[in-house]
Amino acid sequence: MLNDDRVVVWFDIDNTLYPSSSRISQAMSDRIHAYFVNLGLSHEEATALHIQYYTQYGLALRGLIRHHDIDPLDFDRQCDGSLPLEDMIKFDPKLVKLFEDIDRTKARVWALTNAYKPHAQRVLRILQLDGLIDGLLYCNYQVKDFICKPEAEFYNLAIQQVGITDRSKCYFVDDSFRNVQAAHALGWGKCVHFCEKGHDLTVNGNLVNGLENGEMDSPIQRISSLEELRDIWPEIFKDYE
Ligand SMILES: [Mg+2]
């Protein structure tokens, strides 16, 4: 890995590599809500805390650990682990082709997710992308006070993992504007916000992750299809002169 001067293309996984029509986001949200309710909270409290923790900590789970002392592995089993992903998403030949068309003499491809390892690997396997990535950086739920996007420490861990110091060599696409904004602020070179037209993440009807404050004025590019990466990052694809 030392002296590898290729750029690194980082893909978020959830809600970036599969479409919102898969309803996984809603199914996850429902399970997290049920988890809060099972702690003895009312539906109203559960909704409010879910949004608060997601906004404050990047992941509802981190608030649950901090304030409710829950077991993160139990949470992962009950939430992400219980999703019938095989019935909800299927591999997309166009996406596989997009990954295949990235010129590996110029670029390495990594996944960068706030999910835990089993869920991340399962999604990548179903999408048939597991053989097309060079590495996966996931949130390690087993570590107390684990770090996640959009914290700077997580992005710094990412560049450490791939052994680069020049952050301008990082390409990054994520469906969370906050995550993209954080990478951009740290000097990651080519940051893109993936946002399907009309798709916003909602928690029980409350918008928590759409076109956010400041995005209209942001220099960060916004795409509604990953195919657009061929046009905005032509230099990393095969046949680029
Ligand atoms: Mg995502």
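Which residues does Phe172 touch, not counting residues up to four places away in sequence? They are Trp10, Val180, Ala183, Trp188 and Cys191, with contact meaning that C-beta atoms, placed from the backbone, lie within 7 Å. Keep in mind that this is a predicted model, where local features need pLDDT of at least 70, side-chain atom pairs count only at pLDDT 80 or more, and totals for chains, interfaces and linings use all residues. Residues are numbered from 1 along each chain as its sequence is written.

View 1. Buried means 20 or more other C-beta atoms within 10 Å of a residue's own, C-beta atoms being placed from the backbone. Domain 1 and domain 2 each supply at least three residues to this core.

**View 2. Where domain 1 meets domain 2.** Domain 1 covers 7–20 + 89–236 and domain 2 covers 24–85, with bounds from an automatic or database domain assignment. Here 24 residues of domain 1 are in contact with 17 of domain 2. On the domain 1 side, helix H7 (117–126), strand E6 (201–203) and strand E7 (206–209) give two or more residues, and H7 gives the most, with 5. Helices (H or I, at least four residues) and strands (E, at least two) are DSSP runs, numbered from the N terminus.

**View 3. An open sheet of 6 strands.** Its order is E3-E2-E1-E4-E5-E8, with parallel pairing; two strands pair if DSSP finds at least two bridges between them. Strand E3 (135–137) and strand E8 (221–223) sit at the edges with a single partner strand each, so one side of each has no neighbour in the sheet. Strand E5 (residues 190–194) joins E8 over 3 bridges, and Phe194 stands opposite Ile223 in E8.

**View 4. Helices H8 and H9.** Helix H8 (residues 152–162) lies across strands E1, E2, E3 and E4, running at about 155° to E3; axes are lines fitted to C-alpha atoms, for helices over the stretch in contact, and angles run from 0 to 180 degrees between N-to-C directions. In helix H9 (residues 177–185), Phe177, Asn179, Val180, Ala182 and Ala183 are buried. Their cover includes H8, E4 and E5. After H9 comes Gly187, with a positive phi near 95°.

Note on methods. Contact = placed C-beta atoms within 7 Å. Buried ≥ 20, exposed ≤ 12 C-beta atoms within 10 Å, placed from the backbone.
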